[in-house]
Amino acid sequence: MKIIIVGCGRVGQTLAEKLNNDGNDVTVIDMSATKVNDITAKFDVMGVVGNGATHTVQREAGVNTADLLIAVTNSDELNLLCSVIAKKEGDCETIARLKNPDYSEVAPYLKEELGLAMVINPEYAAAEEIARVLRFPSAVKIEPFAKGKVELIKFKLQSGSELINMSVKEMAMKYKSDALVCTIERGDDAYIANGDFVFREKDVVSIIATPKNANEFFKKINYKGRSLKNALIVGGGTITHYLCSILSKSGISLKIIEKDLKICEELSTLWDKYTIIHGNGLKKDLLREEGIETAEAFVSLSDSDEENILLSLFAKEVGAGKLITRINRTDYDNVIAKLDLDTTVCPKNVTADIIARYVRAKSNTQGSNVETMYNIIQDKVEASEFIIKENSPIAGIPLKDLKFKDNVLVASILRGKEVFTPHGSDIIQAGDSVVIVTAELGIQDVTDILK
């Protein structure tokens, strides 16, 4: 696809890299020549310096022949204007990033009236991810497939885990669970599971299962984890606002520390059921006073990565609660991974994954299309959900007779309302929703997994 990205901030750069790696023809637009030059020098993309909300600059970027324009500047209004001009000038599909909670409430109306293909809110998407983990704290990360009927759940093997020194095959025989082990992260290495793989302490394991089967699996392996009753949050920004809304009926008690008095007053007005503290969340005495040592979860959501990391490390030192850390930059992913911060959430990566998923779903080829896609292990392993059509070459043939590429795993099949873990004798049928885990990134069609 020919794609124009307006805005070369963190989200724009991540999108440019991801969509270019997927084989799309990408052009970026930004007012800053430095930002445009940095991206074009780093990735194989074209660049235009100028105001992306003008038809002249959009024409220069090729809007007349573009398939999609993605507006991700720091201004919601500018993103909407870019989208309107692109629809009028080039009649291409448009995606607009809207961060303001006021716009979030009318997003369906704006999408319909302005003809947008998608309205994406990075902060809301990040809040949804945090809420999933707070509801199931055993997990490091949870990704839904098949409209929530199947989940991909990451968890870490702590010292004393029954799975340590046990092979995947031995685990399956002992616990007889319908949860399928998909991947294992060990340091900087990533593995797609096979029966002979042996678990080690601190491995990060991904399973795919229904929510019910996942709960049963964690009970069988005696994995420590229970529903949370309370959480302490530092930072009262947009993500916190959305998180309050999402968790309003969950029964989880929230205490929020925010240094901006105006934000405190807004949160207090909107969410009188939660405790709002006006103060500096970096002060250890305040954190102790507000219960960081006994909080069942600690969520650091300030705008500073450095502050969030330091706060989470302090919470880890003095408490035993679930840690969730907001990270905006991914330059030091490998370093951050070694800090053992439980769950990290990066809004720009969440946004890029959602948009990349949409772009791939536009490619309806050879009998299937991508419905959902997640990076299980960043830049190493992906999980993709395909809807199988009548002419698909993988339909009607037992799985054991299909010649899959190396490092490919058929992880789950949804047929009607039934979800099951596939075995060699199972046959995929037209209409099935199939989750595929693979080390080959950017697969566009289910046929890409065959030799």
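**A parallel sheet and its packing helices**

Thr-325 stands opposite Thr-344 of strand β17 in this predicted model. Strand β16, which spans residues 322-326, is joined to β17 by 3 bridges, and the two strands run parallel. Helix α13 (residues 305-318) packs on the sheet, where it touches β12 (230-234), β15 (297-300) and β16, and its direction makes about 170 degrees with that of β16.

The open sheet is formed by 6 strands with parallel pairing, arranged in the order β14-β13-β12-β15-β16-β17. The edges are taken by β14 and by β17 (343-345), each of which has a single partner strand, so one side of each is left without a neighbour in the sheet. On average, and with direction ignored, neighbouring strands of this sheet are turned by 15 degrees against each other. Helix α11, comprising residues 261-270, lies across β13 (253-258) and β14, and runs at about 170 degrees to β14.

Thr-183 is located in strand β9 (residues 180-186) and is buried, because its relative accessible area is 0%. Beyond residues up to four places away in sequence, Thr-183 touches Tyr-191, Ile-192, Ala-193, Val-204, Val-205, Ser-206, Ile-376, Ile-377, Val-381 and Val-437.

The mean pLDDT of the chain is 88, with 97% of the residues reaching 70 or more. Confidence is highest in strand β14 (residues 275-278), at a mean of 97, and lowest in strand β18 (residues 368-377), at 70. Over residues 364-368 pLDDT stays under 50, although the model has 21 contacts beyond four places in sequence for this stretch. Where pLDDT is low, the predicted coordinates should not be read in detail.

Notes:
Residues numbered from 1 in each chain as written. Predicted model: local features only at pLDDT ≥ 70, side-chain atom pairs only at ≥ 80, totals over all residues. Heavy atoms only, no water. pLDDT = per-residue confidence, 0-100. Helix = DSSP H or I, 4+ residues; strand = E, 2+ residues; numbered from the N terminus. Contact = heavy atoms within 4.5 Å. Buried < 20%, exposed > 50% of the residue type's maximum accessible area, 1.4 Å probe, protein only. Pairing = 2+ DSSP bridges. Axes fitted to C-alpha atoms, helices over the stretch in contact; angles between N-to-C directions.
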